[in-house]
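Here is a short briefing for a reader who is meeting this structure for the first time. It moves from the overall build to a few individual residues.

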Amino acid sequence: MEDEAAWMERAFSMAQEALEAGEVPVGCLLVYDGAAIGKGRNEVNETKNATRHAEMVAIDQVLEWCQQHKKDHEEVFSHSVLYVTVEPCIMCAAALRLMKIPRVVYGCRNERFGGCGSVLSISSDDIVDTGEPFECIAGYRAKDAVEMLKAFYRQENPNAPKSKVRKKDNRK
């Protein structure tokens, strides 16, 4: 069985794939019973679908795996661990909670959209009808995750909308 460092290394490989594909570099693995049964990287730009975050891609793969292996997805998710390079956003944290994933290990904090304490505490707050809170382990290779994000934001995103900021003219 691989240890957390090895799972996170694989998540960072997925993030690197995302970066090379012109996506925000986030990668993750969903591990069940010693095997990665779902993996994901951001696919938002290439699919033009804002919900295709790494975690959502991995969740879809696990659902498919459960169908193929005739496993109860609730049982599988409730015994899985998510390894992800960046703190899940609010949307993804809510999905993880609804899927009853008990443990998330992540790299850097997501100060703009984080759902595991940076902005909202979806992972730990008492929220009615959303499943149980889940454990978060933060900080694995956080500096590396931040550097990958900086590398993405230094390059120009061809899918970004054109700026609507008007340049001031010098007329009086």
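Helices (H or I, at least four residues) and strands (E, at least two) are DSSP runs, numbered from the N terminus. This is a predicted model, in which local features need pLDDT of at least 70 and side-chain atom pairs count only at pLDDT 80 or more, while totals for chains, interfaces and linings use all residues. Residues are numbered from 1 along each chain as its sequence is written, and side-chain values use heavy atoms, with hydrogens and water left out.

**Overall build**

- The protein has six helices and five strands, and from the N terminus on its elements follow the order α-β-β-α-α-α-β-α-β-β-α.
- Of its 172 residues, 41% count as buried, where buried means under 20% relative accessible area, exposed over 50%, and partly exposed in between (1.4 Å probe, protein chains only).
- Among contacts (heavy atoms within 4.5 Å) between residues at least 6 apart in sequence, 59% join residues at least 24 apart.
- The accessible surface, computed by the Shrake-Rupley method with a 1.4 Å probe and, for residues, with only the protein chains shown as cover, comes to about 10,200 Å², and 51% of this belongs to carbon and sulfur atoms.

- Glu87 sits in the loop between strand E3 (80-86) and helix H5 (90-98).
- Although Glu87 is buried, it has no salt bridge, and the nearest side chain of opposite charge, that of Arg109, is 5.2 Å away; a salt bridge is a side-chain nitrogen of Lys or Arg within 4 Å of a carboxyl oxygen of Asp or Glu, and in assigning charge Lys and Arg count as positive and Asp and Glu as negative, with His and the chain ends not counted.
- A polar atom of the Glu87 side chain lies 3.3 Å from the backbone nitrogen of Gly117.
- Leaving aside neighbours within four places in sequence, the residues in contact with Glu87 include Tyr106, Cys108, Asn110 and Ser118.

**Positive phi values in loops**

- Lys100, in the loop between H5 and strand E4 (103-108), has a phi near 65 degrees, a positive value in a residue other than glycine, and is partly exposed, with a relative accessible area of 43%.
- Asp129, in the loop between E4 and strand E5 (135-137), has a phi near 55 degrees, again positive in a residue other than glycine, and is exposed, with a relative accessible area of 73%.

Terms used:
A polar contact is a pair of N or O atoms within 3.5 Å; within protein, one must be able to donate a hydrogen and the other to accept it, and residues adjacent in sequence count only if both atoms are side-chain atoms.
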